[in-house]
Structure formats: C-alpha cells, structure tokens
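Biologist: Before we begin, could you set each value against its definition as we go, and then draw the conclusion?

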Amino acid sequence: MERLGTGIGWRPEIAGDVERMPGIDWVEVVAENVCPGHVPESLLRLRERGVTVVPHGVALGLGGAERPDAGRLEALAERATALRSPLVTEHIAFVRAGGPLSASPRLEAGHLLPVPRTRDALDVLCENVRIAQDALPVPLAVENIAALFSWPGEEMSEGQFLYDLADRTGVRLLIDVANLHTNHVNRGEDPAKALAELPLEAIAYVHVAGGVERGGVWHDSHAHPVPRPVLDILTDLASRVSPPGVLLERDENFPEPGELERELTAIREAVEKGATARSTAQAKSSGAGSGSGSVWESGSGEPARQRVALAQAAVLSSLVAGTPVPEGFDRVRMAVQARALAAKRADVVAKVAPELPVMLGERYREVFLAHAQKRPMTGGYRQDALDFVEQLLLSFGRRERQDEQVPLRELREWWLERSGPVPRSRRPAVRLARATRRVLLRR
C-alpha cells in the first residue's frame, strides 16, 4: 500500500491555511463536495506540489440493503480520476432505507448509521463492496463508523466483522480511531480488542478526530480538539503496525492554524510512541489479526437483502418518521440519535441554503426542527431545503396562520427561483408577465 504520511482533511474554510501548513503530505476531500470539471484551485495547487488528494465519499451507503447506485459509483470514479488519486474511501454504513425490498417509502438519514453485525448484513455488504470495487478505477478502502446505538442480536464483534469483510473481498480498511473511542463510550466496546482482531495488513490509512461528551453520550463531532484517549488508541494501533497514513479530520468550529498544527504534532508523536513500542516488543508486530475471521461464505442472496432491508427501514423510520422503536433497541439512545439526525439536517440545510437562516433569523433552527419532526427527508439536502420552504409557505401562508416573523414574500421568491428546471428570467418583460398572471389567478 502506498505510504501517505501525515495529512489533514481539506475543507474550503481552511484551504489557505492547509496550503501554508508545513509537513502536510496529503489531504482528503469530501467526494460529494468536489465537481470533477471544477476542482478548487487550492486542491490543484496542492496536487501540483506533489500533495496526494484522496476523495472520501459519504453518500454511497455500502451497508444499505440495495445494491450501490451506478450513478453514485460513476461520480466517485470521476472524482478519483480528476484528482489522480491512488485510492478512494467510503463508509461501512447505511444512509437510506425503504423502497421495493421493504415495500415502504424511501427515506434518507442524512447521516451515517451503523449496520447490524450479522451474517445477513455481512453478506449484503460484501456483495456491495465487490460491486463498488469493479466500478472504481482505483482501490477502495472502507471506514468503521461511530454509533450512538447498538443493534440487538449482533453475531460478531466489530473486529471480527471487519476481518471477515476484508478477508472475503480484499477491500482495504480505513480505521478511524476516534470512532473506536466513540463506540467504547457509547457501546462499551474495547478498542484494544477491536485492534487485536483486525487484519492490520489491510489498513490503508487512519482517521483521527475530536468529539464531545454530553449526557454520557460521546458525539463524534469533528468540531473539537482530539482528546487524549483517541491519541492513546492511535498509539496502540501504531504499536501493532506502521500505518501507511494518518489524517486529522476537522469539519466545523475551525481553530487558528497554530492549533491545528499542534494537533498534527500530537498525532505524529502518538505514532512515534507506538513505533518505539513496536520495535522493542517484536511479538506485537505479528498481530495482523488473531484468526478470529471465520472465512464464512453464504449463498443467501436476495433473502438476506430483504431481511436487512426490512430491519433498516424499521430503524430509520423510527428515527426520522416517528414510528415506534423496533423491539430490542435502547429507546433512550434511539431518541438521542433521532435528535442528532434532525440537528444534522438543520446544520447542513443552513450550509446548502445559507439564505434561509438569514431570512428567518433566530427562528430558523426552531422552525426547521419542527419541520423535521413531521417531514422525513426523502431526497438530498438541496431537496430538503426546497421541501422545508414549501411547507413553510403552505403553513404560514394560510390566513389563520400568518406570522409576521416569517418573511413569506422573500421565501416565496427564493423557492420559485430554485424549484424550477432553470433559474427564473430577470428580464423586465418576463417579470411583468409573471406578475400579471399572478394577479389574474387571484381573481
């Protein structure tokens, strides 16, 4: 596997800082935020300097019951080619559910949700990974995710699940040590046990990130400093194998460049500490999996997909559509997850449509969360923004519900401008015709 070195997640908000930052060997960019024909100038300059750029997908949903969407795979492949990347990465997660397999409405989570560690889910994931591998021009690596809740009746530990996945498909692994810490706090899982069970030779690179604990639940926020327990897990991993690459993730609440550089220094020191331990304890260097993988194959095919589809649809519906929580799940944790998904929707819609928080002011979040409780997301975030405004217009536009704090005229213009197949014409004659038509329709 190519040696990547030390990297940082490239984000538009810190693009200039990343370019000036010393010791950056590579960067990772959210694949869905890059257009192949319009790669940001900052990324082009980094690439010209020899800095490797890796696209990191978030919307493929390899752990979902349905086979990967061909269009999404093609888009991921285009980004890998445009960025001349040595590999692409995605997540072991499901991000949508419903549809023909479960005979239920399609729903979008808007975030990464954990797959059950069962034989059925592993079968589906393995086939989906093989489909993705065949469609991509470079190797694929998949990431373990953080979770707020556990599935009842799981048949494998996280390490065993990842071992079997890599063994059956040959896929590389992106190990997120911050997610191992999250699952330790939220699910009582031992990070050292997970590392001991992994096929360490399959590791492509490592993620490191910060989070925050609220009410006994660890939130993988990517908006806080990297805590010591995460660095300790990184040292443990480095004591077992030399990671090809290590990357700092930060998505929000960006600090001054000096603080990011200090975090990168702490990450390098944690890796060096692990390397020293590895060199003085050669017995640990052979810990590339403990033989826990079962090399288990199944021919269950479509029945497995249908069982996974029904389970995932029930879980996602309870989280975003208010249906009952399935039996065996922790209701408190599911409520935390539901609130987190709604908050994520509000935050991302505010970024996708920044005019809305400006128009609604302090009421934006309150009004959006009320909308999210009643209207699950069925498309992407841009469609979610359109649906939100449409519902506002329908609700507050009624005479009995008029609210002077909701700028209906501005919202209506915003929605009309963006809901059609092409932008509305600004020519005076066309605008006059539209206004005349509205007057006539009111009569």
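Modeller: Buried means under 20% relative accessible area, exposed means over 50%, and partly exposed lies in between, with a 1.4 Å probe and protein chains only. This is a predicted model, in which local features need pLDDT of at least 70 and side-chain atom pairs count only at pLDDT 80 or more, while totals for chains, interfaces and linings use all residues. Residues are numbered from 1 along each chain as its sequence is written, and side-chain values use heavy atoms, with hydrogens and water left out.

Biologist: What makes the pair Arg 345 and Asp 384 a salt bridge?

Modeller: The term asks for a side-chain nitrogen of Lys or Arg within 4 Å of a carboxyl oxygen of Asp or Glu. The closest N and O atoms of Arg 345 and Asp 384 are 2.8 Å apart, and the pair therefore counts as a salt bridge. Arg 345 lies in helix 11 and Asp 384 in helix 14, so this pair ties together parts that are 39 residues apart in sequence. Arg 345 and Asp 384 are both buried.

Biologist: How do you know that the span of helix 13 agrees with its number of residues?

Modeller: Helices are DSSP runs of H or I with at least four residues, strands are runs of E with at least two, and both are numbered from the N terminus. The expected span is 1.5 Å times one less than the number of residues. The 12 residues of helix 13 (residues 363-374) should therefore span 16 Å, and the end C-alpha atoms are 17 Å apart, which agrees.

Biologist: Which residues of helix 13 are buried, and what puts them on the same side?

Modeller: Arg 363, Tyr 364, Val 367, Phe 368, His 371 and Ala 372 are buried in helix 13. They cover an arc of only 160° around the axis, taken from the directions from the helix axis to the C-beta atoms, and this puts them on the same side of helix 13. The face turned away from the buried side carries the exposed residues Glu 366 and Gln 373.
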